[in-house]
2 protein chains.
Amino acid sequence: MTSISTHDLILSSARTLIVSGGYNGFSYADIATVVGIRKASIHHHFPTKAELVRSLVAGYRKEAEAGLGALEGAVADPADRLRAYVGYWQRCIADASAPFCICALLASEMPALPEEVGAEVRAHFRTLAAWLRTALEQGAGQGRFRLERDAASEAEGFMATIHGAMLSARAYGDAACFDTITDSLLDRLTARP
Amino acid sequence: MTSISTHDLILSSARTLIVSGGYNGFSYADIATVVGIRKASIHHHFPTKAELVRSLVAGYRKEAEAGLGALEGAVADPADRLRAYVGYWQRCIADASAPFCICALLASEMPALPEEVGAEVRAHFRTLAAWLRTALEQGAGQGRFRLERDAASEAEGFMATIHGAMLSARAYGDAACFDTITDSLLDRLTARP
DNA sequence: CTACGTCTACCTTCTGGTAGGTAGATCGTC
DNA sequence: GACGATCTACCTACCAGAAGGTAGACGTAG
């Protein structure tokens, strides 16, 4: 049994911490406590906080791209694909394992973020929007969706609603709120014209 | 000419600061610099940071309720009313005067917020959702809107999309992104069945 | 005289970050 | 196989500055 490297333990605990309070909501001391090493040892793995978070978001993006890519390969029907994507977040929020997209969270703090981190966040938004656009285009081509605008705009609207639903679930402290909003988002798309 | 009270100067500078970086993104020192007084003097007006922010959000809520109420009285057509609401934010974002709803921003940091502040944020979400619901119900009653779900769910979806659009505009650094998303949100509602 | 608003001066704790050192694994070289 | 040299991952100890907050003095307006 191979134990997880300290490097990865730092990243994963930072991820958990950042999900709950954003960039300025956690410190090296917090991570040190969780991982069980000293503050200074974190600097051995990540020289600065900005670099730690940049690296964390880069890893998150890679995971997301892999996940979205896998979904594209595994689920042929665009409607089911979008349902699978939304379902993923419904589960994350319901079991509170990771109840917020770190990029959505960091986006709200954009003006206060180190530039390197901001760039990663921006890139994630572009990736996700492009993936959604592809699904919408395919669905429209198959006569499966009725789009009222170009696919790119619809994709931005879809993404915004998902992120806003995360915000509402958090504000109300009610996971079901996310489901209500996203279910009707999906229904609207797949309803016959 | 009556000069603005220090009390209000503190609140308004705190509002500007919080819009850009959230609860942990500003300090008493930051406010002191902007207002031109010493840190300690702020404590004379607001004993703790939590109380300052709670009071700030409470004031924001009051303003919002007044503004929404006035809109309800002044604009009879529910579609125009929603358009006016969205237009307000389009202008705020375009001129960068206050490019984010502080309650939406604080909602993302909910788990890290003092309880008193969290309660105010939650209350704002409820107020706004209720106002939107009324507009949607009126529009549906007049046959002006086609709703695919109950008005309450549609209102939550509407609010989520607005908040998500703010997030996207920030992530991309592109105010026009907010307009694209919200315009199609309004169009969809008012389009004939 | 009093109440208020502001000040200086200070406190404690936390912040991200640095300096320098140590135990153990891995290395090339004889 | 034995040798030192280097590398890795961690440590203790420290730093300067910022955080939120307190105590008490001072001046001014009513």
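Student: Why does R83(A) count as partly exposed?

Tutor: In this predicted model, R83(A) has a relative accessibility of 36%. Partly exposed covers the range between the buried limit, under 20%, and the exposed limit, over 50%, so R83(A) counts as partly exposed at 36%.

Student: What makes the contact of R83(A) and D80(A) a salt bridge?

Tutor: The side chains of R83(A) and D80(A) meet at 3.5 Å, N to O. The criterion is a side-chain nitrogen of Lys or Arg within 4 Å of a carboxyl oxygen of Asp or Glu, and the pair therefore qualifies as a salt bridge. D80(A) is partly exposed as well, with a relative accessible area of 35%.

Student: Where do R83(A) and D80(A) lie?

Tutor: Both belong to helix α5 (residues 78–94) of chain A, three residues apart, about one turn of the helix.

Student: Why is R61(A) called buried, and why is E65(A) called partly exposed?

Tutor: R61(A) has a relative accessible area of 17%; buried means under 20%, so the term applies to R61(A). E65(A), with a relative accessible area of 41%, falls between 20% and 50% and is therefore partly exposed.

Student: How do you know that R61(A) and E65(A) form a salt bridge?

Tutor: Their closest N and O atoms are 3.4 Å apart, which is within the 4 Å cut-off. Both residues lie in helix α4 (residues 49–74) of chain A, four residues apart, about one turn of the helix.

Student: Which residues are linked with R61(A) and E65(A) in a network of salt bridges?

Tutor: The network also includes E51(A), R54(A) and E120(A). Over all chains, a search of the whole structure finds 24 salt bridges.

Student: What makes the pair R144(B) and D77(B) a link between distant parts of the chain?

Tutor: The side chains of R144(B) and D77(B) meet in a salt bridge at 3.2 Å, N to O. R144(B) is in the loop between α7 (115–141) and α8 (151–172) of chain B, whereas D77(B) is in the loop between α4 (49–74) and α5 (78–94), 67 residues apart. R144(B) is partly exposed at 26% relative accessibility, while D77(B) is buried, with a relative accessible area of 17%.

Student: Why do the copies meet through the same surface?

Tutor: Of the interface residues of chain A, 100% are also interface residues in chain B, so the copies meet through the same surface.

Methods
Residues are numbered from 1 along each chain as its sequence is written. Chains are lettered from A and ligands numbered from 1 in the order in which they are written. This is a predicted model: local features need pLDDT of at least 70, side-chain atom pairs count only at pLDDT 80 or more; totals for chains, interfaces and linings use all residues. Side-chain values use heavy atoms; hydrogens and water are left out. Contact means heavy atoms within 4.5 Å. Helices (H or I, at least four residues) and strands (E, at least two) are DSSP runs, numbered from the N terminus. Buried means under 20% relative accessible area, exposed over 50%, partly exposed in between (1.4 Å probe, protein chains only).
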